[in-house]
Amino acid sequence: MGWLPEPVERLLEVALVGELTVIGRGGRPITHPLIPLYDGTHVYLHSSTLFSKKLEHIKADGRVSLALTDPVAMKGNPDRATIQGTARVIDDDPHSDWERLILQLWQAKEPAINDFLKARVALPLFFERAVIEITPERCLYWKDGRTDRAPEEHVAPSEVAA
Amino acid sequence: MTATATAPMRSGSIPAHAPTATDLERLATYPYVVVSWIDDAGYPTSVATSFEVDASGGTVPIGSPAGVPIPTDREISLTGSHIRPQPGIGYDERRYLQLWGRSDGATFTPSRAWGWDEAEVPFFEYSERSVPQSRRYLAALSVEKGRTIRPRLSPFWLALRTTRLPFLSATAVPVLLGIAVAASHGAFTWWTALLTLIGGSFAHLGINVTNDIFDTLSGADDANTTPTQFSGGSRVAVYDLVSIRGLSWLALGLFAVAGAIGLLLVAITQSLTLLWIGIAGVIVGVAYTAPPLKLVYRGLGEIAVALGFGPIMLLGAYVVQTGELGWEPFVLSLVPGILIALILYVNEIPDRRSDAEAGKRTLPVRLSPEAVRAGYLVAALAAFAIVVAGVVSGLFPWPALLALAAVPIALRVHQGLKVHYDSPYTLMAVMGQNVNLNLVVGGLLFVGYVVAIVISALA
């Protein structure tokens with residue numbers, strides 16, 4: 001089971017976009033807008049091999065953060081959060097792993113993807129994808145998105161972080 | 001800070017660049033920024049904050065989030081991101097911009113920028129520019145996993161894409177017209193007609209695959225970052241869905257079937273004329289992109305296509321049925337010949353930059369946009385003029401005039417070329433109309449001949 005506070009889970013459940021920040025070459029923060037998915041324990045993101053530099057960066061250093069900041073992408077929810085954690089890339093079979101692991105979550109959040117799936121022949125490399133699985137370790141939460149106020153800080157129970 | 005408006009566009013993914021005044025103007029359009037850095041524990045962290053843009057100073061004063069101090073001793077980044085969810089459809093207006101630099105606690109000074117705006121680089125073009133990254137990633141993944149990992153498609157879709165099966169309409173039109181003309185002359189055998197259609201189709205598919213092999217080897221397909229469903233080839237080799245070796249075997253197989261059917265028809269008809277037509281067809285088709293002739297690279301591609309899908313296909317089908325050549329099928333063959341060459345001609349418009357880089361001297365590479373548009377109108381009207389002249393001279397039956405009903409389609413395509421010439425993706429609808437023009441004219445000519453046959457039978 002997950003330990004993230006309930007308001008942050010609500011954000012994850014509706015978020016159409018979050019800002020994933022990975023550690024790039026030379027320790028540079030590199031941010032990628034991606035759709036986050038949540039199964040109650042892990043946060044999942046996914047990436048086509050077309051845009052796979054982020055995957056290379058995560059393989060080199062798995063420490064990441066995911067910011068949920070845009071009320072438009074949160075369906076009007078003004079809260080904000082940043083989740084820090086360790087990510088792993090699942091890409092044993094980029095052709096179909098993601099379908100098995102996250103397609104249901106993706107379809108539930110973004111039903112329009114079904115139309116894109118029918119056009120797989122038109123965009124074959126877009127559908128060669130890797131899954132990024134984040135185990136949350138620390139979370140900052142700003143009620144009403146007020147970053148002029150100090151955030152609530154939540155840390156994973158030691159057995160999760162371990 | 002440079003004054004350049006945008007980074008130069010080229011093949012490959014979109015490069016990072018020194019920040020420009022335009023970058024700061026664009027940043028100012030976002031309602032807030034996400035500030036990111038690597039914290040003392042070694043994790044990235046991010047916080048949303050307010051900001052302003054000081055365009056004259058090239059800096060960005062940023063708000064100070066409470067309880068999460070923005071560091072001044074390391075590189076940080078600002079990200080502006082925009083997306084408009086369209087329920088049930090997906091997203092649009094996707095754009096984001098990331099600036100890297102240093103903060104003194106209150107003001108951010110950028111030193112590097114990267115961004116993407118789908119209004120400037122459409123998603124499909126961005127994807128095509130990123131193909132080399134996908135290939136690099138999968139190659140590294142193969143090494144990591146100790147087995148070859150390649151992109152895949154289901155066999156059905158792979159076959160459809162590799163052979164470019166939907167383009168077979170270009171073969172069906174001249175072959176069916178040749179059969180119709182022969183039938184109007186009292187010569188028709190259904191099973192040789194069917195064999196002709198199948199043999200011609202296999203030859204066409206073999207030529208499609210061969211062209212892809214040579215366009216990949218020449219670099220033309222790699223350089224093309226704006227392919228559409230009508231242009232830019234099958235791209236199966238570019239995407240590494242099929243190897244060049246696999247394509248070569250496929251082309252040989254397709255030509256073998258086409259050759260076997262062709263030889264069977266020669267044996268049945270005892271026509272050496274048919275043999276020569278078949279040989280000419282294979283030479284023109286393969287020499288279209290293959291060395292040493294490489295007709296398309298020498299500016300002869302449109303003529304080669306007009307010959308192949310006009311006189312060669314139509315006369316071949318006619319000779320199978322009648323055993324002899326004739327003026328009527330020859331003159332009629334000029335109509336699909338021109339219209340199918342015009343399909344190529346219009347489809348070459350979005351490819352013209354990559355074709356020029358690869359040394360392909362197609363007409364859209366060599367001519368100005370105005371000349372290309374004028375050339376289209378002249379050629380399309382010439383096709384209709386041939387129909388009228390054929391009927392007036394008594395060479396074609398009068399119901400062939402039905403084909404004139406398609407004139408408005410040609411005019412719409414010409415108009416579309418005026419509006420969408422420089423936009424590969426909006427030009428797709430025009431390319432589709434142009435494909436339809438050949439189908440509609442061919443279909444109406446076919447119907448015209450059937451009507452003429454029926455009238456003749458009733459008389």
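In this predicted model, the largest nonpolar core holds 80 residues, and Leu177(B), Val335(B) and Leu342(B) are the ones that touch the most other members. Helix H10 of chain B, spanning residues 301-322, supplies the largest share of this core, with 13 residues. Beyond its neighbours within four places in sequence, Leu342(B) is in contact with Tyr376(B), Ala379(B), Ala380(B) and Asn434(B). Another core, of 64 residues, lies apart from the largest one, and its members include Ala15(A), Ile132(A), Leu140(A) and Phe108(B).

The meeting of the two chains comes next. Contacts join 46 residues of chain B to 45 residues of chain A. On the side of chain B that touches chain A, two or more residues come from each of strands S1 (33-38), S2 (44-49), S4 (76-86) and S5 (90-103), and also from helices H3 (131-145) and H4 (155-163) of chain B. H3(B) gives the most to this side, with seven residues. Sorted by class, the side of chain B that touches chain A consists of 26 nonpolar, 16 polar and four charged residues.

Chain B itself is divided into domain 1 (21-118), domain 2 (122-151) and domain 3 (155-458). Taken over C-alpha atoms, the centres of domain 1 and domain 2 of chain B are 29 Å apart.

The peptide bond leading from Pro291(B) to Pro292(B) is cis, with omega near 10°. Lys294(B) is found in the loop between H9 and H10 of chain B as well, and has a positive phi, near 40°, although this residue is not glycine. With 18 other C-beta atoms within 10 Å, Lys294(B) is partly exposed. For context, most residues other than glycine have a negative phi, and most peptide bonds are trans.

Asp144(A) is found in the loop between strand S7 (129-142) and strand S8 (152-155) of chain A. Asp144(A) counts as exposed because it has 11 C-beta neighbours inside 10 Å, where the cut-off for an exposed residue is 12 or fewer.

In helix H2 (residues 53-60) of chain A, the buried residues are Lys54(A), Leu55(A), His57(A) and Ile58(A). Viewed down the axis of H2(A), these buried residues fall within an arc of 160°, so they line one face of the helix. Helix H3 (residues 97-109) of chain A is the place of Arg100(A). Arg100(A) counts as exposed, with 11 C-beta neighbours inside 10 Å. From C-alpha to C-alpha, Arg100(A) and Leu12(A) are 20 Å apart in space, and in sequence they are 88 residues apart.

Finally, the confidence of the prediction can be given for chain A. The average pLDDT of chain A is 93, and 98% of the residues score at least 70. Among the elements of chain A, the highest mean pLDDT, 98, belongs to strand S5 (residues 63-68), and the lowest, 66, to helix H5 (residues 158-161).

How values were computed: Residues are numbered from 1 along each chain as its sequence is written. Chains are lettered from A and ligands numbered from 1 in the order in which they are written. This is a predicted model: local features need pLDDT of at least 70, side-chain atom pairs count only at pLDDT 80 or more; totals for chains, interfaces and linings use all residues. A residue is buried if 20 or more other C-beta atoms lie within 10 Å of its own, exposed if 12 or fewer, and partly exposed in between; C-beta atoms are placed from the backbone. Helices (H or I, at least four residues) and strands (E, at least two) are DSSP runs, numbered from the N terminus. The arc is that of the directions from the helix axis to the C-beta atoms. Two residues are in contact if their C-beta atoms, placed from the backbone, lie within 7 Å. Ala, Val, Leu, Ile, Met, Phe, Trp, Tyr, Cys and Pro count as nonpolar, Asp, Glu, Lys and Arg as charged, and the others, Gly among them, as polar. Domain bounds come from an automatic or database domain assignment. A nonpolar core is a set of buried Ala, Val, Leu, Ile, Met, Phe, Trp, Tyr and Cys residues joined through C-beta atoms within 7 Å. pLDDT is the predictor's confidence in each residue, from 0 to 100.
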